[in-house]
Amino acid sequence: GDLNFCSTWDENQALRDNYVDLWPLLHVDPGFTLVPREPSTTWPAVRFDRILVKSPPGALKAKEIRLIGTSPLDPARPTLYPSDHFGLRTELRLT
């Protein structure tokens, strides 16, 4: 979901420990979902969007998670994206 706080911010401590953030489980890169697109922008890239999973131990296995919507909709309009945030797509396997 779009949590509007980054995984490195203090607000992240409010999440319960039994929820697993899939991005760091499957990737070592930060997976920023809100990235400044204008060189003059002063705010940093952040990871506001995450997929959190809560399930009994071993019930679900995360197969993949990836960013979506990272390219402009039309090459002729290079600043037009589906959203101001990148989305996430995951595949979970029931074990």
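A word of caution first: the model is predicted.

Let's start with the fold. We have 1 helix and 4 strands. Going along the sequence, the order is β-α-β-β-β. The C-alpha trace spans about 45 × 30 × 20 Å along its principal axes.

Now, how much of the chain is buried? Of its 95 residues, 24%.

What about contacts? Take those between residues at least 6 apart in sequence. Of these, 65% join residues at least 24 apart.

On to the core. Which residues make up the largest nonpolar core? There are 7 in all: Leu 22, Trp 23, Ile 51, Val 53, Ala 62, Ile 65 and Leu 88. Two elements give two or more residues to it, namely helix H1, 22-26, and strand S3, 60-68.

Look at Leu 22 in particular. Leaving aside residues up to four places away in sequence, Leu 22 touches Ile 51, Val 53, Ala 62 and Ile 65, and also Thr 90 and Leu 92.

Next, charges. The chain carries 11 positive and 12 negative charges, and their mean positions lie 9 Å apart. Side chains of opposite charge can pair when their charged atoms come close. How many salt bridges does the structure hold? It holds 4.

Begin with Arg 47 and Asp 21. Their side chains meet at 2.8 Å, N to O. This pair links distant parts of the chain, 26 residues apart: Arg 47 sits in the loop between H1 and strand S2, and Asp 21 in strand S1.

Asp 21 has another partner, Arg 50, with the closest N and O atoms 3.8 Å apart.

Now turn to Lys 63 and Glu 91. Their side chains meet in a salt bridge at 3.5 Å, N to O. Lys 63 lies in strand S3 and Glu 91 in strand S4, 28 residues apart. Lys 63 counts as partly exposed, at 48% relative accessibility. Glu 91 is also partly exposed, at 32%.

Terms used: Residues numbered from 1 in each chain as written. Predicted model: local features only at pLDDT ≥ 70, side-chain atom pairs only at ≥ 80, totals over all residues. Heavy atoms only, no water. Buried < 20%, exposed > 50% of the residue type's maximum accessible area, 1.4 Å probe, protein only. Contact = heavy atoms within 4.5 Å. Lys, Arg positive; Asp, Glu negative; His and termini not counted. Charge placed at Lys NZ, Arg CZ, Asp CG, Glu CD. Core = buried A, V, L, I, M, F, W, Y, C linked by side-chain atoms within 4.5 Å.
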